[in-house]
Every structure is written in structure tokens, then in C-alpha cells.
Amino acid sequence: MSGTLGTPEHKSGPGLLVRAVWWFFVGWWASGVAVAVAWLALVTIIGIPIGIWIVNRLPTILTLRPRTRVWTLGQDADGRSVVSERDRPQVAWPLRGLWFLLVGWWASGVWMGLAWVVQVTVIGIPVALLMFNRTPFIASVYRY
């Protein structure tokens with residue numbers, strides 16, 4: 001792409017009332033189960049993909065919060081409009097793997113446990129959502 005026109009964010013999902021009712025009846029306990037299952041999956045070699053999949057969906061499990069997607073609008077060399085999803089640059093995978101083996105597996109368990117305790121206080125839900133959103137970084141230095 002030769003030029004960038006902008007980077008709009010796309011969020012979709014249910015309204016605040018539906019998300020609050022979801023949290024009250026389902027999200028608070030389902031997120032605890034998801035945290036436990038994700039962490040147990042992360043500490044097994046075979047379960048790592050499932051654990052990462054669950055970790056990436058924790059905000060949705062907690063409050064039905066959709067994942068934010070950032071799009072880049074631009075033009076190619078022929079002047080045609082191009083829309084693509086923007087990715088952040090990542091740390092090299094061998095370093096991410098080493099981080100996970102030495103720190104990420106236990107730090108992510110502590111982090112997710114603390115996030116779950118914070119969200120149970122109700123007033124801490126915004127902080128818990130931020131913590132759950134940062135869990136992939138804590139586990140494997142993965143940046144959204």
C-alpha cells in the first residue's frame with residue numbers, strides 16, 4: 001500500500017444491559033471456569049492451542065465484550081482502495097517460547113486468578129477486562 005487513509009476500529013456486540021445481565025447470571029462463574037481450564041491447558045504441551053484460544057476469549061466469556069479489530073484503509077500502487085486488518089509487530093517466536101517456558105506459564109495463572117478475583121467485586125470489572133485483555137502478553141509476550 002502506498003498511502004494510508006485511516007485506521008477505524010470495529011466493535012460489535014450486545015448492549016450494556018444485556019452484557020450486565022450476562023455477567024450477573026453467567027459471566028462471573030463461567031469466566032472462573034474458563035480461567036482454570038485455560039491455565040490447565042497452557043501447562044500441557046498438547047493443550048497450548050486450546051489454552052490460547054480460551055485466553056483470547058476471556059473478555060467475551062466474562063461480559064460478552066467483542067474483540068476490537070483495527071482496520072487499515074489505503075490504496076495500492078494502481079490507486080485501488082485496499083482494506084486490511086492491522087497486526088502489531090511481534091517478538092520473535094523463539095523468545096516468546098522461552099518467555100512462556102520460564103515465566104509465562106505461572107505468571108499467566110497468577111494474572112488470570114487475580115483478574116477473576118477483581119471482577120467478582122463488581123466495581124473492578126473494568127480493571128479485570130483490562131487484565132484479561134493483557135493475558136496473552138503475560139503468557140507469551142503476544143501483542144494485540
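This is a predicted model: local features need pLDDT of at least 70, side-chain atom pairs count only at pLDDT 80 or more; totals for chains, interfaces and linings use all residues.
Modeller: Residues are numbered from 1 along each chain as its sequence is written, and side-chain values use heavy atoms, with hydrogens and water left out.

Colleague: Which element of the protein has the highest mean pLDDT?

Modeller: The predictor's confidence in each residue, from 0 to 100, is called pLDDT, and its mean over the protein is 83, with 87% of the residues reaching 70 or more. Among the elements, which are DSSP runs (helices, H or I, of at least four residues; strands, E, of at least two), strand S1 (residues 3–6) has the lowest mean, 50, and the highest, 91, belongs to H4.

Colleague: Is Leu40 buried or exposed?

Modeller: Leu40 has its place in helix H1 (residues 16–42). Buried means under 20% relative accessible area, exposed over 50% and partly exposed in between, with a 1.4 Å probe and protein chains only. Because its relative accessibility is 51%, Leu40 counts as exposed.

Colleague: Which residue has its backbone oxygen 3.1 Å from a polar atom of the side chain of Thr135?

Modeller: Thr135 lies in helix H5 (residues 125–140), and since its relative accessibility is 0%, Thr135 counts as buried. Leaving aside neighbours within four places in sequence, Thr135 is in contact (heavy atoms within 4.5 Å) with Val55, Trp111 and Met112. The backbone oxygen that lies 3.1 Å from a polar atom of the Thr135 side chain belongs to Met131.

Definitions and conventions
A polar contact is a pair of N or O atoms within 3.5 Å; within protein, one must be able to donate a hydrogen and the other to accept it, and residues adjacent in sequence count only if both atoms are side-chain atoms.
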